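This briefing goes through one protein chain, from overall form to single residues. Please keep the sequence and structure in view while reading.

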Amino acid sequence: MIKIAHITKNGELLANKIKGILDYYCYENNIYHIKNFEIEKNEEGFIFIMATGIVLRKYIDKIKDDKTKDPFVIVCDEKGDILIPLLSNHIGRGNYFAKLIGRHLGAEVAITTATDVNGKVGIDELSNIYFLEMPKKKDILKINKKVLSERVNLILPKNWKVIGKVGDSYKIDYHDEDYVVVDNIILKPKKVVVGVG
């Protein structure tokens, strides 16, 4: 569940626009006036239509817990001009949701993650792109730091393609296995289960 929180009437109007965008892409979401807003610790993400200071002072400590499990947090001004992903930008897909909403609103998205700013793909983003298990926190920090200064070794299964900017961040090689190797770190694909009823 994605929670969209607002304070003002203009914020409510924007919240409804954002809800329409998320509904179109089939993301479960609800709108809350700040008076009725609660953090339940099972949310996928939060979109706050208010000042960044309010979010940082009042809510961020109640939301953040673990880099590998935190929900995303995006702050947006009530006119819908600027979206700022603040938390869980890669793993929680805060950057993805900010760009998706920003594209529909014609808003500027203020991306601050070092890999994105430098046109690189970190290992956490790589895991999202290829639908792989998430690396350990220490491996994310190590590889993302390395990606900023050099091309890191990446071994893909032989029938996989290089997607987006992955080739700019990694030296690509292929093997006959069904897992990915990033600088000696093995990442297995997530299991996908589909049922027909």
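In the charge count used here, Lys and Arg are taken as positive and Asp and Glu as negative, while His and the chain ends are left out. On that basis the chain carries 31 positive and 27 negative side chains, and the centres of the two sets are 2 Å apart. The model is predicted.

**Overall form**

- The chain's secondary structure consists of 8 helices and 10 strands.
- With a radius of gyration of 18 Å, close to the 16 Å given by the globule rule for 197 residues, the chain is as compact as a globular protein of that length.
- The C-alpha trace spans about 55 × 50 × 30 Å along its principal axes.

**Burial, surface and contacts**

- Buried residues make up 41% of the 197 in the chain.
- The chain has an accessible surface of about 11200 Å², and carbon and sulfur atoms account for 50% of that surface.
- Taking contacts between residues at least 6 apart in sequence, 59% join residues at least 24 apart.

**Helix 7**

- Helix 7 covers residues 137-147, and its buried residues are D139, I140, I143, N144 and V147.
- Viewed down the helix axis, the buried residues of helix 7 fall within an arc of 115 degrees, so they line one face of the helix.
- An α-helix has 3.6 residues a turn, so residues three or four places apart point the same way.
- K138 and K145 are exposed on the other side of helix 7.

**D139**

- D139 belongs to helix 7.
- The relative accessible area of D139 is 11%, and the cut-off for a buried residue is under 20%, so D139 counts as buried.
- Apart from neighbours within four places in sequence, D139 is in contact with I123 and I185.

**N184**

- Is N184 buried or exposed? With a relative accessible area of 74%, against a cut-off of over 50%, N184 is exposed.
- N184 and K67 are 117 residues apart along the chain, and their C-alpha atoms are separated by 22 Å.

Technical notes: Residues numbered from 1 in each chain as written. Predicted model: local features only at pLDDT ≥ 70, side-chain atom pairs only at ≥ 80, totals over all residues. Heavy atoms only, no water. Helix = DSSP H or I, 4+ residues; strand = E, 2+ residues; numbered from the N terminus. Rg over C-alpha atoms; globule rule 2.2 N^0.38 Å. Buried < 20%, exposed > 50% of the residue type's maximum accessible area, 1.4 Å probe, protein only. Contact = heavy atoms within 4.5 Å. Areas by Shrake-Rupley, 256 points an atom, 1.4 Å probe, with all protein chains shown as cover. Charge placed at Lys NZ, Arg CZ, Asp CG, Glu CD. Arc of directions from axis to C-beta.
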